[in-house]
Amino acid sequence: MPDGLPVVGLFGGALVLAGLTLVGLTGTAEGPLAPVVLGAATVIVVGSGVVLVRRLRRAAAMLEQTARRVEEAGSRLRVLVEHVPAAVYIDMADSDVSDGGRLAYMSPQITGILGYRPEELVDDPELWPSRIHPDDRAAALAAFEAHWQSGEPLRAEYRMLGRDGTEVWLRDEAYGMPDDTQSGRQVSQGLLVDITDRKRLESKLIHDALHDPLTGLANRVLLRDHLERALARRGRSGGTIALLFVDLDDFKRINDSYGHAAGDQILVRVAERLVGAVRAEDVTGRQSGDEFAVLLAHVRDADEAIVSADRILGELRRPILLGAHSIVVGGTIGIAVAIEPGATAEDLLTQADAAMYAAKADGKGRHAVYDPWMPTRKWADLEAAG
């Protein structure tokens, strides 16, 4: 029996070599022996041999198994990060960069979203902030700054410009992580989701809710909103606005003679002519059926509104070619001008309606400016009629 026995075990991925030297052993295999404690292991001397407690072997096996599991988990995590339908990134605070952070990592999905390779964005810290849409840049940078300063999660939606110039909507969510131990800088980990399709759908739904589906003009809701905004501006800075109600003359006869499909085509043509007869800053809307409205956002006085009404009537009197038919529509216009301070949207709507009916009573194909002697319908009746 040699004086020393080497014991080799795996601990934490490293080989641990323990030399056990047995000196002056006494006793026999049959007699009671006292255990010898050596570090984490308990060695029992039996005769001329040494037995290593099973606990050390089990611990070594468990550590080896844990190491394998960590490695497998890391591989699965990388697969997950690089295959989720979003881009994952790690940012480090850097006041020298426009958006306050320097990218340390960007997952490969960003190439499918913006067309840029991850290493391009990591190598050039100013590339990301430079591709934020100009209209969203200020708000996005403010959100980034608040995230770095407060440590609160970042939740922002903004547009980016892809490599080919395409506008891409992103949902950016980021959360603070423990500071980098080497540099001491703040670290943030985030997720970028392409929400372009959702934004387009939202935009379409909003547009459809506020525009006439046939002509594409503003509907009653949007027209009233524009009217209220114009009145609010007038209250702050003065000026005069005018509202014109345009009713097509005897439009039922056109529907009866040529059919509703032809009538719809006529309404589309009329809408185009109304838009062409006024300024770009004016708002043209379809109230209902064959009734339209035009908001003149800035006029000097009622005479300027009358000039616009004459121009519109001239457009309506021009024949519209529909197949082999030449159709003259014609129309009647009621004009309301906001002259008195404190005029409301309801005031102008009811006054323009009253002026239109007064003009029709005088023979159609003409216009009239509202006068207090003209009878007005109640706002509730006007809404119900629409």
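**Notebook: pockets, a helix pair and cavities**

Entry 1, a pocket. I looked up the second largest pocket and noted a volume of about 210 Å³. The model I am reading is a predicted one, so I keep a separate entry on confidence below. I listed the residues that line this pocket: A336, V337, A338, I339, E340, A343, D347, Q351, V369, Y370 and P372. The largest share is three residues, and β16 provides it. I then sorted the lining of the second largest pocket by class, and I wrote down eight nonpolar residues, one polar and two charged.

I turned to α9, which covers residues 260–277, and α10, which covers residues 302–317. Their axes come within 9 Å, and I noted a crossing at roughly 150°. I recorded the crossing of α9 with α10 as right-handed. Which residues make the contact? On the α9 side I found V270, R273, L274 and A277. On the α10 side I found R311, I312, E315 and L316. By class, five residues of this contact are nonpolar and three are charged, with no polar ones.

How many cavities of 30 Å³ or more does a search of the whole structure find? I wrote down two.

The largest cavity has a volume of about 140 Å³. I counted 15 residues in its lining, and those nearest the centre are Y89, D91, D99, F144 and D172. Several elements each give at least two residues to this lining: the strands β6 (87–93), β7 (101–106), β8 (154–161), β9 (167–177) and β10 (187–194), along with the helix α5 (134–150). I checked which one has the largest share, and it is α5, with three residues. The classes for the largest cavity are 10 nonpolar, two polar and three charged.

For the second largest cavity I noted a volume of about 30 Å³. Its lining consists of D91, D99, G101, L103, P125 and W128. I sorted these into three nonpolar residues, one polar and two charged.

I looked up the mean pLDDT of the chain, which is 82. Of the residues, 76% reach 70 or more. I marked residues 1–33, where the pLDDT is below 50. Beyond near neighbours in sequence, the model gives this stretch 45 contacts. I also marked residues 43–51, where pLDDT stays under 50. For residues 43–51 I noted 24 contacts beyond four places in sequence. Where pLDDT is low, the predicted coordinates should not be read in detail.

Notes
Residues numbered from 1 in each chain as written. Predicted model: local features only at pLDDT ≥ 70, side-chain atom pairs only at ≥ 80, totals over all residues. Heavy atoms only, no water. 1 Å grid on protein atoms, 1.4 Å probe; cavity = no way out; pocket = protein on both sides within 12 Å on 5 of 7 lines; lining within 4 Å. Points joined across faces, edges and corners; volume = space filled by probe spheres on them. Helix = DSSP H or I, 4+ residues; strand = E, 2+ residues; numbered from the N terminus. Nonpolar A, V, L, I, M, F, W, Y, C, P; charged D, E, K, R; others polar. Axes fitted to C-alpha atoms, helices over the stretch in contact; angles between N-to-C directions. Left-handed = near helix turned anticlockwise from the far one by under 90°. Contact = heavy atoms within 4.5 Å. pLDDT = per-residue confidence, 0-100.
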